[in-house]
Amino acid sequence: MSKRKLDKRMDSVFKAVGLAVTLFGLLVLAALLIDVVMDGYQRISWDFFTSYPSRKPEQAGILSAWVGTLWIMLTTALLAIPLGVGSGIYLEEYARRNKLTDFIEINIANLAGVPSVIYGILGLGLFIRLMHLDRSVLAGGLILALLILPVIILTTREALRAVPSSIREASYALGATQWQTIRHQVLPAGFGNILTGIILAMSRAIGETAPLITIGALTYIPFLPANPVAFSPESPYIHLSAQGFLDPFTVLPIQIFNWVSRPQKGFLTDAAAGIIVLLTITLLMNGAAIFLRYKNQKRW
Amino acid sequence: MDRDVIIQIEKADSFYGTKQILKNITLNIYAKAVTSLMGPSGCGKSTLIRCLNRMNDLVPRFRLEGKILYKGLDLYSRDVDITDLRREIGMVFQKPNPFPKSIYENVAYGIRIQGVTNGEFIDGIVEESLKKAALWEEVKDRLHESALSLSGGQQQRICIARALAVKPQVILFDEPCSALDPMATAKIEELITELKKNYTIIVVTHNTAQAARVSDFTAFLYLGDLIEVGPTGKIFTVPQDKRTEEYLTGKFG
């Protein structure tokens, strides 16, 4: 056989192998998904979302879990977005290249790869033992914020780097200061990509279980964190409260984890239903991120 | 004819790191005239023009020795406010680089960042600048569309209008037509000729025909040296240096 023919044959062989490998992964995933959906779909109902966990599997719901997830996500976002985007801007636009910034850069990249349970242990020592935040929403949010901070910093930097220098030059040439250039040109141009990174980071945080279990987040919570906003018929009508941040919480993955470890069969159905909810949220977030990325593929 | 010197470059040496780009350049730029900086790629002409509005400050490890005086003031002295300087000395770049915003916002940006918020005043400046850039008629009905939807030549004129909006004295053109087709090029050149009535213009080009068409004075740079400078007619008809002659006749470049 000539070399040319052999090359061509190798081409088709590789194509077939590649296809098989891809399909294998997708099929396994699909099988898992279908299995979960089959197990859990009949538990998905209004009651499931509005009930607290219970000893009886058919009465158990995810109310405290999804509200807790919402609280934790809100706290994480409030902490991680300003810190992460701010550091990203500083490192990319202001910091001078020197040994110190190189060192910081390497460490941020490394932190992005640290297993989440380590963050949990850090949080246990720092936020709970030292700062006495207890197993509160704030403690959980702080840990998850730390966990996704490096990811947000890295994606912010990448997004800013992708803004062409011609845009910056144009702005400087009109007499803009560095901050004006960043605020009015660079940030808006990189906004879509920064947002994409934030959503992906948040969707990672939403599924995290290990660090929250490490700090001892409770698995049975038959109440909700205090409402941040309450209304009354008399003045001052609206009452704001930060108490919720200090209340104990549970989140979806922990609730699922708890149900899976129960002996009764009914709880497995509850767990499957919980997984469907969690997966749907993650899928929606990732979908939004992909959509944003697609929309922001700007040509300059 | 007597002309005022607006920019004096005195014995300028510039370096990127240890690499010397400009070697002992001494050059006068005359007010309300077009000066071309002409030469082959890598001769330092872009570096030189970027010294004039201190765009090179953005480049790490850039260094300038010697003096550049603008109206007698040392551009590189500590007293110079770089943002004020860049309002006086505007710039149009090689590749059209409008902001990814509307036509209107592109032109308004320069005065907005000065803190101007008066809508009518900004409207007036935008219209006036677009008229001066010979673009008003083409875009007056679509001021709020994206500037990126325009053709390359129109985008470059947006960039010119944007530079004019902050009322500069000097406008630097860094190979403004190198990304444009001949029709768009002709329009920009026509515009440059029109603008020199009110502005001092410096054009970087490697296109000898363009230098001949638009400029009153031509400086020829080669490998970081200023080889020859003078009235354009003289440079093109009786070049003093052999290298200028060879470049003009297309022997290299």
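## A salt bridge between the chains

In this predicted model, B:Arg50 pairs with A:Glu169 in a salt bridge, and their closest N and O atoms lie 3.0 Å apart. If you are looking for others across this contact, the count between chain B and chain A is 1 salt bridge.

## What chain B brings

Several elements of chain B each supply at least two residues of its side of the contact: helix 2 (82–88), strand 6 (89–92), helix 3 (103–112) and helix 6 (152–164). Sorted by class, the side of chain B that touches chain A has 13 nonpolar residues, along with 5 polar and 5 charged ones.

## The extent of the contact

Let's turn to the two sides together. Chain B contributes 23 residues to the contact and chain A contributes 18 residues. About 1,700 Å² is buried between the two chains, and carbon and sulfur atoms give 64% of that area. Within chain B, the residues that lose the most area to chain A are B:Pro100, B:Tyr109 and B:Ile113, which together make up 28% of what that side buries.

## A nonpolar patch on chain A

Chain A also has a nonpolar surface patch worth a look. A:Val229, A:Phe231, A:Tyr237, A:Ile238 and A:Leu240 make this patch, which covers about 570 Å². Two strands of chain A, strand 1 (229–231) and strand 2 (238–240), each supply at least two of the patch residues.

Conventions
Residues numbered from 1 in each chain as written. Chains lettered and ligands numbered in written order. Predicted model: local features only at pLDDT ≥ 70, side-chain atom pairs only at ≥ 80, totals over all residues. Heavy atoms only, no water. Contact = heavy atoms within 4.5 Å. Buried area = accessible area lost by both parts, 1.4 Å probe. Salt bridge = Lys/Arg side-chain N within 4 Å of Asp/Glu carboxyl O. Helix = DSSP H or I, 4+ residues; strand = E, 2+ residues; numbered from the N terminus. Nonpolar A, V, L, I, M, F, W, Y, C, P; charged D, E, K, R; others polar. Patch = residues over 30% accessible without salt bridge, like charges linked within 9 Å, V, L, I, M, F, W, Y side chains within 5 Å. Areas by Shrake-Rupley, 256 points an atom, 1.4 Å probe, with all protein chains shown as cover.
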